[in-house]
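Biologist: Please take me through a few features of this model, and tell me for each how it should be read.

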Amino acid sequence: LGESTPRRLSDSDPLPTLQPIEPSDPKMQGAKELLFETLTPLRIHRKGQLVPRPEFTDLVVAAFRRAQVLSRFHGQPSADHAIREAGLPCEALELARQVKTFVVQEELVRVRRKSSRSGAQTFHGFHGQLRFQGPFAPFVRLLSFGSLFGLGKGTGFGFGQFRLTAS
């Protein structure tokens, strides 16, 4: 990612197809690796800064955050509302940190967007493939949710779409 010039996405780039993966899927049983492939740029922030190469933990936290936001505005209040508001349990974060992230392919892409209110805006994001090894199984359902609703900043503009494949 370092010094390379971001590639600009165009209207001719193919549209993403979304297919969630379920933990009960036979492909998930005994899977040793999980492949994460972005379909649109991924813009995840950590401590106010864009993460150029997300780790597994970044994706889990982003998926949990997305679930919280959608639940807050579109869900039904429930008894576990206080637990959802408290955030991801420390034990879950520790388990997520044990998953190793390997870069298969990476690229920093630039997307320009025109706005009648603020003029042209440029967004940067991660585009590529990551491979995960380790105890990822407890997070597959959460990441599958993220594959349907997007992760990170700019999901309203179509950013954050991805596909999961077990192997």
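Biologist: Is His127 buried or exposed?

Modeller: Buried means under 20% relative accessible area, exposed over 50%, and partly exposed in between (1.4 Å probe, protein chains only). His127 has a relative accessible area of 16%, and therefore counts as buried. This is a predicted model, in which local features need pLDDT of at least 70 and side-chain atom pairs count only at pLDDT 80 or more, whereas totals for chains, interfaces and linings use all residues. Residues are numbered from 1 along each chain as its sequence is written, and side-chain values use heavy atoms, with hydrogens and water left out.

Biologist: Which residues does His127 touch, leaving aside those up to four places away in sequence?

Modeller: With contact taken as heavy atoms within 4.5 Å, His127 touches Thr38, Leu39, Thr40 and Pro41, and also Gln105, Glu106, Glu107 and Val109. His127 itself is found in strand E6, where helices (H or I, at least four residues) and strands (E, at least two) are DSSP runs numbered from the N terminus.

Biologist: How many bridges join strand E5 to strand E6, and in which direction do the two run?

Modeller: Two strands pair if DSSP finds at least two bridges between them; here 15 bridges join E5 (residues 100-115) to E6 (residues 119-133), and the two run antiparallel. E5 and E6 form a hairpin, with three residues between them, and Lys100 stands opposite Gln133 in E6.

Biologist: Which residues of helix H4 are buried, and what do they pack against?

Modeller: In H4 (residues 140-149), the buried residues are Val140, Leu142, Leu143, Ser144, Gly146 and Ser147, and they pack against strand E2 (33-38), helix H1 (56-74) and strand E7 (162-166). Just after H4, Gly150 takes a positive phi of about 85°. In E7 itself lies Leu164, which counts as buried because its relative accessibility is 7%. Leu164 and Gln129 are 35 residues apart in sequence, and their C-alpha atoms are 9.9 Å apart in space.

Biologist: How do the axes of H1 and H4 cross?

Modeller: Axes are lines fitted to C-alpha atoms, for helices over the stretch in contact, with angles from 0 to 180 degrees between N-to-C directions. The axes of H1 and H4 come within 9 Å and cross at roughly 65°, so H1 is roughly perpendicular to H4 (under 35 degrees is roughly parallel, over 145 roughly antiparallel, 65 to 115 roughly perpendicular, the rest oblique). The contact is made by Phe56, Leu59, Val60, Ala63, Phe64, Arg66, Ala67 and Leu70 of H1, together with Leu142, Leu143, Phe145 and Phe149 of H4.
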